[in-house]
Amino acid sequence: MLDAIRRGQRWLTALLVGGVGFVFVVVFGNQGPGNVSTSSATSIVELGDFVVDAAEFDLERESQARRLRDQLGEQFDERAAGAFLDQQVLRVIVERTVLAQSAHELGLEVPKAEIQRYLRDTYRSPDGTVDEEAIVRGIERVYGTQRLFLQAIERDLLAQKMLRLLASQITVSEPELEAVARQLAEEARIAYVALSTETLPAGEEPSDEAVEAWRADHEAELRARYEAALGQYTTADRVRARHILFRLDRTADAAAVETAREEAEQARERILAGAPFADVAREVSEDDATRDAGGELGSLSRAEMAGAVADAAFDLEPGTPSEVLRGDRGFHIVLVEEKLAGGTRPFEDVAPELARDGARASIARERAQRLATELSEAVRGGASLEAAARERELTLGRTASLRRRPDGFIPDLGAAPEVMAAAFALPPGTSSPRIFELGNRLVLLQVLSRTTPSEAELAAQASSIRSAALDQKRTDAIATWVREAQTRYEAEGELRLNAALVMGS
């Protein structure tokens, strides 16, 4: 990365995720696609002299996916994050191109010597040498030609220059610093009532009459919900079965295979002679998971069983042991105890459940709205939220000390930036009549206390606070500037996007 990123300037990385370095992670990490070519027919962003094509989009996307995999490990699901990655990468590329074009219009340049110096500094080996041939080979493998690579690197370095230029013009005054310092160090505690608009309190359920009435008013809606979720009400054919396993390694030689087969045949003969299948399984099966239960597999669909075993289980008549079957883990003997026919539950069987869920949600919503309105009116009349909640026997939550967070996160409430803002805006002891909507909850709050840091505490944190204040102001100001520049280029017809080429790919 460039020096500015190495120094950890968050205002920079927040707007220019990845930067030029992503190219070389792909090239020299030997993890990127090979033989990528560039074609004007595949361009997704065009602005002035700058063109970004789908191949470069793919490189950036893989770089960001790799970064997330490194951060999240097994928790990262790239398929689930696909749309998010597409949107993020397109946003980053557009913003980078807007910054580069703006820099170009101001007359900023990237001399060839600067690119060469960057490559040498970035890819110098521990002994101080640079393998220039390896760099060139990597560039040509990914970009096809050095010329296309140089265009990309020039654009990205210009974007970096523009960011530095913008950042250099942003400062924090002493009054701003003091205000930010107090905000960052201030703490508040709140009490709150959170009313669910989807669920009722434990022990409260709609009456049968209420369910029937709700169904009568929502019959068409219920049928539509049933059809949309038909798969939930459809079950496959299943069997209740037992098995005996004679384990066999995949690399077993012919002699071992024959020995296991003979043992399986002997066990089958005992069963045919009248020995209970479960007793034989407990005695000889090598499946640790089912042996003590007499080989019981439970109720399984065809999809939940291995190929040969599944075929046998669904072809057998209940009570008849199978032939000796070869599977992935060895030789099996299967006994089907019962066949369970699958099918689709008809609407009339499902409708009462759906209607009860609908009635419950409807009553919960009406209850939450009624109680929230009552609490709000009580507060407007001079009562505290605590007193109004206690009168209605409602649960009142209380937080530990809170500090401002950009995401507005509050324990037990989640992301609630408007509630957070109110907690630091209202005087201590004040209840707010405002009803906040947080997902499926209606929330009202009371500020219990707020503490402000002393001058000595502020002075002790001055250095870190100044850095945080400057970072935040730069991030906000540059983000606004880039959005306005992008809007202007779009309105003038200079910025052309072909997002459909890559989104959702």
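Mentor: Leu-325 stands opposite His-332 in strand 8. A word on ground rules: this is a predicted model, where local features need pLDDT of at least 70, side-chain atom pairs count only at pLDDT 80 or more, and totals for chains, interfaces and linings use all residues. Residues are numbered from 1 along each chain as its sequence is written, and side-chain values use heavy atoms, without hydrogens or water.

Trainee: What makes strand 7 and strand 8 a pair?
Mentor: Pairing requires that DSSP finds at least two bridges between two strands. Two bridges join strand 7 (residues 325-326) to strand 8, and they run antiparallel, so the pair meets the definition. A hairpin of three residues links strand 7 to strand 8.

Trainee: And what makes strand 7 a strand?
Mentor: A strand is a DSSP run of E with at least two residues, numbered from the N terminus; strand 7 covers residues 325-326.

Trainee: How many bridges hold strand 5 and strand 8 together?
Mentor: Strand 5 (residues 238-247) and strand 8 (residues 330-340) pair over ten bridges, in the antiparallel sense. Arg-240 stands opposite Glu-338 there.

Trainee: Why is Ala-236 called partly exposed?
Mentor: Its relative accessibility is 47%. Buried means under 20% relative accessible area and exposed over 50%, with partly exposed in between (1.4 Å probe, protein chains only), so Ala-236 counts as partly exposed.

Trainee: Which residues does Ala-236 contact, beyond its neighbours within four places in sequence?
Mentor: Ser-301 and Gly-342, where contact means heavy atoms within 4.5 Å. Ala-236 sits in the loop between strand 4 (234-235) and strand 5.

Key
Helices (H or I, at least four residues) and strands (E, at least two) are DSSP runs, numbered from the N terminus.
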